[in-house]
Amino acid sequence: MKRRNWHSLFSQLPDTELEKLAVLRLLECSNGVIQHQFRDGHDDALSPEETRAAMAFSMHCIKTMEIPLGDEVIRFNEETANLFQDVRTLYVNGMKRNDPAAREEFFLASSANLQAIGLARLEQAKRRLFNDCYELPVHTLDWGLDYIKGFLASSRR
């Protein structure tokens, strides 16, 4: 598998696209924590209905690269959508299909993506989702943001 310069690819995206990616990544990571807590029977896990609704919304946004928020729909430019799809393919191959090379490349790409987005944009995305997203309970956005912070801290070591 050929390595790509993910830092360069993501840092070249316009600020507006990074802002949109912040919303998508926070949704994605919040949903991931929701799913893990449900499967693990965690005390704070959402109900099966809330868990299904969060997953359906998050996966719809990821697959369509559109995020409905209130009266607005966030749409990504083609370059961003293609780049995100490349990372998503690495995730599926690495995590779901157990390909070690794809998993390693996914973690590099994901880390580069989140570093290019930055915590300030992620905090802004949290406020935006808090105000305009009704498909995930708002406290789960903290779960996603905490996961991202931990992931970024561990990827810097």
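Which helix gives the most to the lining of the largest cavity? Helix 4 does, with four residues. The model is predicted: local features need pLDDT of at least 70, side-chain atom pairs count only at pLDDT 80 or more, and totals for chains, interfaces and linings use all residues. Residues are numbered from 1 along each chain as its sequence is written, and side-chain values use heavy atoms, with hydrogens and water left out.

**Helix 4**

Helix 4 covers residues 78-96; helices here are DSSP runs (H or I, at least four residues), numbered from the N terminus. Its 19 residues reach 26 Å from first C-alpha to last, close to the 27 Å expected, where the expected span is 1.5 Å times one less than the number of residues. After the helix comes Asn-98, with a positive phi near 60°.

Buried residues (under 20% relative accessible area, 1.4 Å probe, protein chains only) of helix 4 include Phe-84, Val-87 and Arg-88. Helix 1, helix 2, helix 3 and helix 5 are among the elements that cover the buried residues of helix 4.

**Cavity and pocket**

Both terms refer to a 1 Å grid over the protein atoms alone: in a cavity a 1.4 Å probe fits but cannot get out, while a pocket is an open set of points with protein on both sides within 12 Å along at least five of seven lines; lining residues have an atom within 4 Å of a point. Volume is the space filled by probe spheres set on the points, which are joined across faces, edges and corners.

The structure holds one cavity of 30 Å³ or more. The cavity lining consists of Arg-25, Glu-28, Phe-84, Val-87, Arg-88, Tyr-91, Phe-106 and Ser-110. Helix 2, helix 4 and helix 5 each give two or more of these residues.

In the pocket, helix 2 supplies the largest share of the lining, nine residues. Glu-28, Gly-32, His-36, Tyr-91 and Lys-96 lie nearest the pocket centre.

| Space | Volume | Lining by class |
|---|---|---|
| Largest cavity | about 50 Å³ | four nonpolar, one polar, three charged |
| Largest pocket | about 650 Å³ | 11 nonpolar, five polar, five charged |

Ala, Val, Leu, Ile, Met, Phe, Trp, Tyr, Cys and Pro count as nonpolar, Asp, Glu, Lys and Arg as charged, and the others, Gly among them, as polar.

**Ser-110**

Ser-110, one of the cavity-lining residues, lies in helix 5 (residues 100-132). Ser-110 counts as buried because its relative accessibility is 2%. Apart from neighbours within four places in sequence, Ser-110 is in contact (heavy atoms within 4.5 Å) with Arg-25 and Phe-151.

Technical notes: Buried means under 20% relative accessible area, exposed over 50%, partly exposed in between (1.4 Å probe, protein chains only).
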